[in-house]
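Please look over the sequence and structure below, and then read the report on selected helices and sheets that follows.

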Amino acid sequence: MSQKQIAGTTVDVNVEGYLTNHAQWNRDVAAALAKELGIELTEAHWKVLDFIDRDFKEKGVVPGMRRMNKVGGILTKDLYALFPDGPIKKAALIAGYPKPASCV
Amino acid sequence: MKNLKNILILGAGTAGTIMANHLRKKVDLSSWRIQIVDEHPGHFYQPGFLFMPFGIYTEKDVVKPKRRFIPRGVEYVEAAVERIDAEKNRVRLADGSELRYDVLIIATGTRPVPSQTEGMEGGDWRKRVHDFYTFEGARALAAKMRDWKGGRLVVHISEMPIKCPVAPLEFSFLADSWLRDQGLRDKTEIVYVTPLSGAFTKPIASGILSHLLEEKGIRVLNDFNIARVDNEQHKIVSWDEKEVDYDLLVTVPVNMGAAMIERSGLGDELNYVPTDKHTLRSRQHKNIFVIGDATDVPTSKAGSVAHFEAEVLIQNILDFIRGDPLCSRFDGHANCFIESGRGKGFLLDFNYSLEPVPGRFPFAAFGPLALLGESRLNHWSKMAFKWAYWNLLLKARPIPFVDHKMSLAGKEIPSGALKAEAAT
């Protein structure tokens with residue numbers, strides 16, 4: 001566990017860079033985390049991040065691909081286009097949630 | 001004559017059949033009627049499908065009539081279920097008739113759904129693209145293997161979770177062994193393609209099994225999430241545009257719970273029923289219980305799990321019909337033999353709080369078995385299990401070596417591996 005300075009605030013992160021305290025997360029932190037991964041957040045990205053946020057608050061876990069498709073109405077190919085190489089892992093990191101158990 | 005109350009079981013596979021036998025022994029039949037519904041007449045010994053492609057088991061080893069395992073006193077209804085109307089405590093059958101229940105047990109399992117992946121059921125299906133999780137699939141693959149002359153064999157998992165998550169590894173090990181015996185191993189490249197980041201879901205076992213794959217010259221491709229099967233070019237393509245060519249693709253299609261669960265509005269995105277992982281009661285309905293592969297509980301989808309769950313579930317159903325709190329808790333115990341080829345096998349034993357670790361497994365009949373280590377005795381135990389399945393397990397007779405609660409005896413537990421279970 002360590003701390004890092006980002007978007008003018010201090011956040012607790014684990015060794016893989018996932019936030020360990022969601023209360024420290026905000027939209028500016030998200031944009032800065034995305035930038036570190038080489039991603040410029042657009043409205044389409046926010047649709048995904050907002051779904052993860054809603055779903056995590058309801059279920060307590062980061063949604064898997066199928067749930068993104070079926071419940072979130074987000075297509076797999078769009079997820080790969082928005083968050084290349086491991087879309088759910090990256091989207092969860094940017095959304096300030098733990099690394100998902102899912103494979104992508 | 002007094003009005004009987006109804007316990008209704010949906011599904012007469014491993015889990016449903018075991019429950020029918022437990023209920024028949026424990027429930028007072030002067031007050032309760034027990035019914036079990038299934039649309040298919042044949043009961044498959046599913047662990048046997050793995051052996052069919054290599055000619056170790058034939059068709060007659062793996063199928064018997066379902067009715068034979070349903071005890072007298074339990075009414076067997078051969079019918080397809082249209083939907084469960086949980087608000088009205090009714091189940092509608094495909095012919096429009098209805099069954100009422102006071103207690104419902106959902107044991108409708110999981111199945112491969114190749115149509116979930118683009119192109120999987122295309123021109124190569126059952127020609128160059130095969131599965132071994134169905135009777136028809138295992139039979140077609142057996143015929144294909146008899147004609148095999150060499151080339152690239154790709155063993156592939158589409159998406160987790162799958163039933164019996166060790167089976168694709170076992171298939172790879174057995175294929176290596178069988179190809180050697182046929183003098184075809186040097187003409188065959190075996191590639192293991194998985195969406196997981198390791199060989200298996202559990203870290204310690206994954207390390208040991210990766211090593212075994214390497215030893216056998218099986219190449220592993222991790223983090224491969226299939227987007228489609230290209231039937232013209234005979235290759236699988238991932239969402240991030242990785243490609244793997246195949247001469248023979250042995251795939252595990254996406255696994256899903258029964259479509260009826262979706263029609264009934266009772267499932268998650270894979271049609272598994274949200275279930276309390278300790279009591280095995282539906283999280284939505286107090287008089288619905290779920291067992292076996294149909295649940296969403298975080299342990300393996302495997303027959304051993306259904307067997308252990310049944311010992312807990314029968315107690316909780318007896319508590320429920322007496323109006324008592326549900327006192328028995330399932331710990332996630334799974335116990336799986338893994339065939340590793342050349343007449344040897346491994347044994348995994350784990351639960352919600354402890355992943356598979358090395359050690360010795362106390363076995364009353366022949367002395368300890370190696371846990372997470374290769375041995376001939378593990379292989380013979382797996383072969384002997386077929387008898388135990390048909391004669392003890394389905395009939396809910398005690399199996400003389402394992403309790404539903406996992407034992408820590410004999411296990412070598414690395415520091416930090418045993419997790420305290422969060423209270424839920």
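Leaving aside its neighbours within four places in sequence, B:Ser304 is in contact with B:Ala334 and B:Asn335, where contact means heavy atoms within 4.5 Å. B:Ser304 is found in helix H7 (residues 303–322) of chain B, and helices (H or I, at least four residues) and strands (E, at least two) are DSSP runs, numbered from the N terminus. B:Ser304 counts as buried because its relative accessibility is 14%; buried means under 20% relative accessible area, exposed over 50% and partly exposed in between, with a 1.4 Å probe and protein chains only.

## Basis of the values

This is a predicted model, in which local features need pLDDT of at least 70 and side-chain atom pairs count only at pLDDT 80 or more, while totals for chains, interfaces and linings use all residues. Residues are numbered from 1 along each chain as its sequence is written, chains are lettered from A and ligands numbered from 1 in the order in which they are written, and side-chain values use heavy atoms, with hydrogens and water left out.

## Helix H2 of chain A

H2(A) has 17 residues and spans 24 Å from its first C-alpha to its last, close to the expected 24 Å, the expected span being 1.5 Å times one less than the number of residues. Among the buried residues of H2(A) are A:Trp46, A:Phe51, A:Asp53 and A:Asp55, and what covers the buried residues of this helix includes helix H1 (27–36), helix H3 (65–70), helix H4 (76–82) and H5 of chain A. Just after H2(A), A:Gly60 takes a positive phi of about 80 degrees.

Helix H2 (residues 43–59) of chain A packs against helix H5 (residues 87–95) of chain A at an angle of about 75 degrees, with the axes 10 Å apart; axes are lines fitted to C-alpha atoms, for helices over the stretch in contact, and angles run from 0 to 180 degrees between N-to-C directions. That makes H2(A) roughly perpendicular to H5(A), since angles of 65 to 115 degrees count as roughly perpendicular, under 35 as roughly parallel, over 145 as roughly antiparallel and the rest as oblique. On the side of H2(A) the contact is made by A:Val48, A:Leu49 and A:Ile52, and on the side of H5(A) by A:Ala91, A:Ala92, A:Ile94 and A:Ala95.

## Two parallel sheets in chain B

Five strands of chain B form an open sheet with parallel pairing, in the order E5-E2-E1-E9-E20, where two strands pair if DSSP finds at least two bridges between them. Strand E5 (74–78) and strand E20 (288–290) of chain B are its edge strands, and neighbouring strands of this sheet are turned by 20 degrees against each other on average, direction ignored. Strand E2 (residues 32–38) of chain B pairs with E5(B) over five bridges in the parallel sense, and B:Val37 stands opposite B:Val77 in E5(B).

A further open sheet, also of five strands with parallel pairing, has the order E11-E18-E12-E13-E14 in chain B. Strand E11 (129–130) and strand E14 (219–221) of chain B each have a single partner strand, so one side of each is left without a neighbour in the sheet. Three bridges join strand E13 (residues 188–193) of chain B to E14(B), where B:Leu221 is the bridge partner of B:Val193.

Strand E6 (residues 81–85) and strand E7 (residues 90–93) of chain B run antiparallel and are joined by four bridges, with B:Val81 opposite B:Leu93 in E7(B).
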